[in-house]
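Have the structure open as you read.

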Amino acid sequence: MAKEKQIFYCKECGNEYGKWMGQCPACKAWNSFVEEKVTKTRSNKTVSASDRPKATSIKNVSSSEESRISTHISELDRVLGGGIVKGSLVLVGGDPGIGKSTLLLEMCRNLVKEDEKVLYVSGEESVSQIKSRAVRLGIDAGSVMEERLMLLSDNDMDNIESQIDSLEAEVVVIDSIQTIEASNVEAAPGTISQVREVTSRLLQIAKKKGAAIFIVGHVTKEGTVAGPRTLEHMVDSVLYFEGDNSGGFRLLRANKNRFGSTNEIGVFNMTDTGLEEVINPSEFFLSGRPEDASGSAVVCIIEGTRAMLVEIQALCTDSNFSMPKRTSVGLDYNRVGLLTAVLEKRGGINMSGCDCYVNVAGGLRINDPSTDLGVVLSIASSFRDRPIDKGTVIIGEIGLAGEIRGVRNISQRIKEAEKLGYTRVIAPKSNASKSIEGQGVEVVYVSNISEALKLV
């Protein structure tokens with residue numbers, strides 16, 4: 001007989017309790033509990049002792065390199081760690097309309113060209129709607145592709161599982177996880193209990209059948225995947241699609257990856273015919289940079305194994321209020337405030353009477369501390385209304401004493417500047433013995449803010 005019970009889940013950490021509480025004892029989040037009535041039927045199946053898995057000594061387990069499938073989208077392969085791992089479960093999150101479904105459809109198009117059998121399941125669109133979108137992306141290109149790319153519009157988990165078995169699909173896309181419903185849990189689709197149950201069953205399918213499964217997840221207003229945080233712990237990889245819906249720029253990041261690095265990013269550009277890879281992100285981010293404009297500085301950041309040149313913009317204006325305003329877009333607000341204080345104290349620039357605005361051109365968010373010197377010099381350039389030489393790239397982390405600290409991969413950064421045609425690099429003096437100067441690049445080493453200000 002079915003047994004019904006009332007459970008309160010924490011939306012932040014996924015812990016469950018028998019009563020509602022204002023603050024979660026586990027993650028300390030306030031007003032994060034939601035109520036659900038869960039009805040589960042007991043299974044009468046009994047498993048014999050011989051059928052149960054037994055522990056194995058680690059020396060008897062053979063290890064080998066993961067078998068990967070290339071998506072032929074180099075930016076996606078980079079973020080996944082070299083391609084799709086068979087038997088993996090990947091969660092793809094992002095804002096509505098950011099391009100999650102478009103990216104996965106393009107991935108399916110490339111996979112069927114390589115004779116991979118793909119099943120695309122949608123609980124939000126009919127098969128005709130999926131076909132219309134696929135035709136726009138150039139997927140309807142031949143009978144062979146049509147036979148290997150299967151479409152299913154359903155939200156019943158039992159039927160989806162049977163279709164995966166019968167079709168022997170090697171890659172499965174579920175769009176989206178919040179629309180799928182498991183019959184053994186009496187709750188509405190998208191609720192915490194349904195999401196957990198469906199994800200658990202998909203994980204079992206991926207490990208038993210060896211199929212790679214991609215699930216699309218909706219995000220909350222805070223930018224995290226809707227549902228319990230335990231969902232992210234269950235999957236093998238968590239990919240987030242970022243970008244401005246009004247612009248074409250898109251970033252793909254890996255917040256978790258059991259089969260690769262989480263430092264890699266993929267850069268895409270949204271067009272009328274789908275997503276296009278950005279092979280040279282530096283050139284993309286610097287396009288449209290104004291010449292001979294004060295407050296503009298070019299810095300070099302490292303994202304995973306890739307060096308990228310990015311423009312930092314600053315604007316200083318006289319303040320009309322007793323307390324000057326500080327605003328930053330794309331950089332940590334507290335970090336910018338700290339650098340402004342160091343510039344005042346160690347650089348001798350009094351900014352108490354002016355508002356300061358700092359922006360990363362292109363909509364990119366930066367966490368690399370090597371941009372500190374570029375931020376400080378762009379602020380000083382705007383304050384003095386003197387442009388920085390357009391052929392200069394600025395690299396360096398700043399300490400509270402005004403010293404310029406060394407950064408990692410300095411040789412890679414200098415080579416990227418040389419490749420883009422820049423003629424001078426301002427770098428930390430502590431990196432002098434480790435750098436490799438390019439033939440057409442002059443590397444100037446500085447040890448503190450005062451020396452850097454004199455150069456620009």
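Predicted model: local features only at pLDDT ≥ 70, side-chain atom pairs only at ≥ 80, totals over all residues.

Strand E6 (residues 89-94) and strand E11 (residues 237-243) run parallel and are joined by five bridges.

Stepping back, E6 and E11 belong to an open sheet of nine strands with mixed pairing, in the order E8-E7-E9-E10-E6-E11-E12-E13-E14. Strand E8 (149-153) and strand E14 (274-277) stand at the edges with a single partner strand each, so one side of each has no neighbour in the sheet. On average, neighbouring strands are turned by 25° against each other, direction ignored.

| Helix | Strands touched | Angle between directions |
|---|---|---|
| H3 (residues 127-136) | E7 (118-122), E8 and E14 | about 140° with E8 |
| H6 (residues 192-209) | E6, E9 (171-175) and E10 (212-217) | about 160° with E10 |

Now on to the helix pair. The axes of helix H9 (residues 333-347) and helix H10 (residues 372-384) come within 10 Å and cross at roughly 60°. That angle is why H9 counts as oblique to H10, and their crossing is right-handed.

Which residues meet where H9 contacts H10? From H9 come Arg335, Leu339, Thr340 and Leu343, while H10 brings Asp372, Val375, Val376, Ile379 and Ala380. By type, the residues of this contact comprise six nonpolar, one polar and two charged.

Technical notes
Residues numbered from 1 in each chain as written. Heavy atoms only, no water. Axes fitted to C-alpha atoms, helices over the stretch in contact; angles between N-to-C directions. Helix = DSSP H or I, 4+ residues; strand = E, 2+ residues; numbered from the N terminus. Parallel < 35°, antiparallel > 145°, perpendicular 65-115°, else oblique. Left-handed = near helix turned anticlockwise from the far one by under 90°. Contact = heavy atoms within 4.5 Å. Nonpolar A, V, L, I, M, F, W, Y, C, P; charged D, E, K, R; others polar. Pairing = 2+ DSSP bridges.
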